[in-house]
Amino acid sequence: MPEESIPKEAAYQIINDELMLDGNPRLNLASFVTTWMEPECDKLIQASVNKNYVDMDEYPVTTELQNRCVNMIAHLFNAPLGEDETAVGVGTVGSSEAIMLAGLAFKRQWQNKMKAAGKPCDKPNIVTGANVQVCWEKFARYFEVELKEVKLREGYYVMDPEKAVEMVDENTICVAAILGSTLNGEFEDVKMLNDLLVKKNAETGWDTPIHVDAASGGFIAPFLYPDLEWDFRLPLVKSINVSGHKYGLVYAGIGWCIWRTKQDLPEELIFHINYLGADQPTFTLNFSKGSSQVIAQYYQLIRLGYEGYKNIMENCQENAMVLKQGLEKTGRFNIVSKDNGVPLVAFSLKDSSRHNEFEISDFLRRFGWIVPAYTMPPDAQHVTVLRVVIREDFSRTLAERLVLDIEKVLHELDALPARVPSGDLAALAAADAEETQKARQREVISLWKRAVLAKKKTNGVC
C-alpha cells in the first residue's frame, strides 16, 4: 500500500493500462457467463451498485423484484401451484451457492428422517455423474457428504441413469442430474432417472429425491425444448438451481435456487433477523451482496419475455450449427457435443499423433480467441476436447471467422515438426544418454589405442 495518495486520474490510468492486457471477454469462448447487456440495463446496474441487497427493510422494492424473479422462474420450471403447494426460492451468488443451499436442505431432510426412524445419520452420500462441476465436490468436502460418482466412458459423457440408481442406498440424500454438462453441453435424461428412482423407492421404501443442476440449461430447455420433461413436472424433482449469469443473460454474480414446495426447505435452515429494521427471513451462505444483478435479472425477464428468450436461444443454437458444420468441413475433427442441449460445440482431433488439442488452443490465442482444451473425467480421461460456448454476443460472422482461424492454425501446425509425446521424450532422452556413453567409450578406446601404437613405434625406433 503506498505511503501517499495519488490523483484519481493517475490511479485510473494505471489500472486501466494494466487491464488492457486482459483478454477480450467477447472472445472468451471458454466461459458460459454473460459478457454483454443492453446499455439501459448497464445504467440500472450502475444506479443500484451501492445497494446492499440483504438490507430488505431499506430496499423493499429490490426485495419485491427478487420475489417476482423467483415466481417467474418457478413458473418457467413448471412448479406445482395447488392450494397446498407453493414454490419457494432465493437469489444467490451464482449456482455454486445455490447448490450448497440445495445440498444442505437435502442433508437436513435426510438427517431428520433418519433420526425419526432411530437410525444413524452420520454417513450421508450423494450420487452424481463424474461430469459434475467442481462446486459439487466442494459441497461434498465442505459439508462432509460422500460423493458417489458414476464414471463416464468414451462416447457417453453424461451420467448413466441406470448406474446412478444402482448406486443409491438408504444414506443417499439425493441424486444430482445435470441439465447441460459443462463438458459437452448434453442434457442428462432426468425423466428416465425419475422413473427408475420411483421404482426403486417403491421397492425399498425409501424416498430418495432428485436435484437438477440446471446452471447452464435452465434458461435454454424451456424455450428450445418445452416438451422435454426435466423439471417439477417430475414428482421426485424437489429443487432446481439455475445461473442467471449464464443463459439468464445477466453479468456474473447471480444464481437462483427454487424448491418445489415450502416443505422441501427445512424451516430450521432459515434465519430470522431484525437488526436491519424489521423481521427478515434469510437462507444464504453470503450475507451482504449487491442488488445490481437481481435488478438486471428482472430487467431481462420483463424486457425479453418468453418471445425474446426463445429468439436468443434459437439464434445461439443456429450459430452453434454454423460452427459445427464449418469444423466438419475441415475433415480434421470429431464432434463430441450433441445438437440438442446447451448451444456449444465440443470437438477433438481425429488424428492427434503429430499435434494435439492443447497446441491448437495455444495457437488460437494469437488471434485473440480463448478456446479451452481439456481431458474428460474418469473413465474417459484419454479423450481430449476443445470447447466453444455460443453466447448471445457470438454472431454468425464470428463463428465463420473462428473456423477460418482454426484452419490457419492447422496449416501452421502441419508445417511444424511433429510433437513428441512425453513418454517418447523420456525414451529419447534415455537413448541419447546411452549413445553419449557409448561415444565416450569409443573415444577413450581410440585414445588408448593411439597411445599404445605410439609407444610401440618408439620402442621400434630405439
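Among contacts between residues at least 6 apart in sequence, 71% join residues at least 24 apart. The model is predicted. The protein holds 12 helices and 13 strands. Of its 462 residues, 48% are buried. The accessible surface comes to about 23500 Å². Carbon and sulfur atoms account for 54% of that surface.

The pairing of β12 with β13 (residues 384-389) is antiparallel and runs over 3 bridges. Within this pairing, Ala373 stands opposite Leu386 of β13.

Aromatic pairs number 9 in the model. In one of them, the ring centres of Phe223 and Tyr306 lie 5.0 Å apart. The two planes meet at 55°; a pair counts as stacked under 30 degrees and as edge-to-face over 60, so this one is tilted. The partners come from distant parts of the chain, 83 residues apart. Phe223 belongs to helix α8 (residues 221-224), whereas Tyr306 belongs to helix α9. Burial of the two residues was also computed. Phe223 has 4% relative accessibility and counts as buried, because the cut-off is under 20%. Tyr306 has a relative accessible area of 43% and is partly exposed, because this value falls between the cut-offs of 20% and 50%.

A further pair joins Trp259 and Phe283. Their ring centres are 5.7 Å apart and their planes stand at 40°, so this pair is tilted. Trp259 lies in strand β7 (residues 255-259). Phe283 lies in the loop between β9 (280-282) and α9. The pair therefore ties together parts that are 24 residues apart in sequence. Both Trp259 and Phe283 are buried.

Phe223 and Tyr306 also take part in an aromatic cluster, together with Phe219 and Tyr309.

The charged end of Arg153 sits over the ring of Tyr156, at 4.5 Å from the ring centre. The charged end of Lys246 sits over the ring of Phe32, at 5.3 Å from the ring centre.

Terms used. Residues are numbered from 1 along each chain as its sequence is written. This is a predicted model: local features need pLDDT of at least 70, side-chain atom pairs count only at pLDDT 80 or more; totals for chains, interfaces and linings use all residues. Side-chain values use heavy atoms; hydrogens and water are left out. Helices (H or I, at least four residues) and strands (E, at least two) are DSSP runs, numbered from the N terminus. Buried means under 20% relative accessible area, exposed over 50%, partly exposed in between (1.4 Å probe, protein chains only). Contact means heavy atoms within 4.5 Å. Accessible areas come from the Shrake-Rupley method with a 1.4 Å probe; for residues, only the protein chains shown count as cover. Two strands pair if DSSP finds at least two bridges between them. Rings of Phe, Tyr and Trp (its six-membered ring) pair if their centres lie within 6.5 Å; planes under 30 degrees apart count as stacked, over 60 as edge-to-face and the rest as tilted. A charge sits over a ring if NZ of Lys or CZ of Arg is within 6 Å of the ring centre and within 35 degrees of the ring normal.
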